[in-house]
Amino acid sequence: MDEDFLVSEQIERAALTDLHAAASESVHEQLGLRLETIGTALVSIATGEPCNILLNRTVGLGIETPADLDTIQAVLACYEAARISDYYLHLHPKARPIELKAWLTQAGLKKGRGWMKFLRHTQAPPKAQTDLQVQRIGPEHAEEFGRIAAHCFDFSTAAIPLFESLIGRPDWLLYMSFDGGKPTGTGTLFVQDDVAYLDWGATLPEYRNRGGQGAVMSRRISDAIDLGCRLLVTMTGEAVPGDPQHSYKNILRAGFRPTYLRENYVPA
């Protein structure tokens, strides 16, 4: 498997693992957070957010070593035991063995909307055109960050402390856009070694179409380059008819290239 393809999955797994690790004991209990590692697959579960596939999803099936039928059945058993009926099982295009797609279908899953993975290297980002201000944030903006992220990504208010807990984590940098002094959007940068993962980029609906998301993206790219990262990774839903693809277009404008489409399998 191409090294960058593999690294792009590994950094995502690491970020998801650390998101769980950041949560306090009370947040773990309230959201029903749980992680399982089955083979190379990281199984993320949040029984308190049973319809949110951003926490109920499995990353890494068959990417370092081939998966087998027992692995698939063990992953599905985790969600069944947790009574989660909405989840994504991500399938990398080079996941092994080639029978995986057939096995997932036979296990009662079907294809959902895929997620496009984007990669870029160290060329400077374009200058963002916006009247909003962007800055890295600390604890003083933790609650607003959690509130915006939870709202924009369809979490309940119970998830606000989960996003707040990323403030001050060693591998995380958090960003917000502002209209004057009013918080309007979010973004995170997760860095390990020389790889950066850009996640949780969102703007409140009433502040969209003002360049805020692009500005937060550009700032994160610049900071990742300054930190010595050689590879930057992000993702969003695949382009489909009828969807305006705002995030997809912002990612392209920021100099990322669509590198591979990861199929998502969902319960039928």
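Helices (H or I, at least four residues) and strands (E, at least two) are DSSP runs, numbered from the N terminus. The model shown in these views is predicted.

**View A. Gln245 in the loop between S11 and H8.** Gln245 sits in the loop that runs from strand S11 (231–237) to helix H8 (246–253). Its phi is positive, about 60°, although Gln245 is not a glycine. Most residues other than glycine have a negative phi. The relative accessibility of Gln245 is 9%, so the residue counts as buried.

**View B. Trp200, a strand residue with positive phi.** Trp200 belongs to strand S10 (residues 195–203). Phi here is near 55°, a positive value in a residue other than glycine. Trp200 is buried, at 6% relative accessibility. Its ring also takes part in a cluster, shown in View E.

View C. Pro97 lies in the loop between S4 and H4. Most peptide bonds are trans.

**View D. Phe5 and Tyr260, a ring pair between distant parts of the chain.** The structure holds nine aromatic pairs. In one of them, the ring centres of Phe5 and Tyr260 are 4.7 Å apart. Their planes meet at 35°, so the pair is tilted; planes under 30 degrees apart would count as stacked, and those over 60 as edge-to-face. Phe5 comes from helix H1 (residues 3–22) and Tyr260 from strand S12 (residues 257–267), 255 residues apart. Phe5 is buried, with 15% relative accessible area. Tyr260 is buried too, at 4%. Lys94 lies over the face of Phe5, 4.7 Å from the ring centre.

**View E. The ring cluster around Phe155 and Phe163.** Ring pairs join Phe153, Phe155, Phe163 and Trp200 into a cluster. The centres of the Phe155 and Phe163 rings lie 5.4 Å apart. Their planes are at 75°, so this pair is edge-to-face. Phe155 is buried, at 9% relative accessibility. Phe163 is buried as well, with a relative accessible area of 0%.

**View F. Arg120 over the ring of Phe256.** The charged end of Arg120 sits over this ring. The distance to the ring centre is 5.7 Å.

**View G. The nonpolar cores.** In soluble globular proteins, nonpolar side chains tend to be buried together. The largest nonpolar core here has 48 residues. Leu33, Leu55, Phe155, Leu162 and Phe163 touch the most other members. H1 gives the most to this core: seven residues. Where does Leu162 make its contacts, leaving aside residues up to four places away in sequence? Leu162 touches Leu19, Ala23, Val27, Leu31, Leu33 and Leu55. A second, separate core holds 22 residues, among them Cys78, Tyr87, Leu100 and Trp103.

**View H. Helix H3 and its buried face.** H3 has 14 residues. From first C-alpha to last it reaches 20 Å, close to the 20 Å expected at 1.5 Å a residue. Thr71, Ile72, Val75, Leu76, Cys78, Tyr79 and Ala82 are its buried residues. Seen down the helix axis, the buried residues fall within an arc of 145°, so they line one face of H3. The face turned away from that buried side carries exposed Asp70, Glu80 and Ala81. What covers the buried residues? The cover includes strands S1 (33–38), S2 (41–46), S3 (57–59), S4 (88–91) and S5 (109–111), along with helix H4 (100–106).

**View I. Thr71, a buried residue of H3.** Thr71 lies in helix H3 (residues 69–82). Its relative accessible area is 13%; buried means under 20%, so Thr71 counts as buried. Thr71 touches Ile38 and Leu61, not counting residues up to four places away in sequence.

**View J. Arg147 and Glu164.** Arg147 is placed in helix H5 (residues 142–152). At 32% relative accessibility, Arg147 is partly exposed. Its C-alpha atom is separated from that of Glu164 by 8.6 Å. Along the chain, Arg147 and Glu164 are 17 residues apart.

Technical notes:
Residues are numbered from 1 along each chain as its sequence is written. This is a predicted model: local features need pLDDT of at least 70, side-chain atom pairs count only at pLDDT 80 or more; totals for chains, interfaces and linings use all residues. Side-chain values use heavy atoms; hydrogens and water are left out. Rings of Phe, Tyr and Trp (its six-membered ring) pair if their centres lie within 6.5 Å; planes under 30 degrees apart count as stacked, over 60 as edge-to-face and the rest as tilted. Buried means under 20% relative accessible area, exposed over 50%, partly exposed in between (1.4 Å probe, protein chains only). A charge sits over a ring if NZ of Lys or CZ of Arg is within 6 Å of the ring centre and within 35 degrees of the ring normal. Contact means heavy atoms within 4.5 Å. A nonpolar core is a set of buried Ala, Val, Leu, Ile, Met, Phe, Trp, Tyr and Cys residues joined through side-chain atoms within 4.5 Å. The expected span of a helix is 1.5 Å times one less than its number of residues. The arc is that of the directions from the helix axis to the C-beta atoms.
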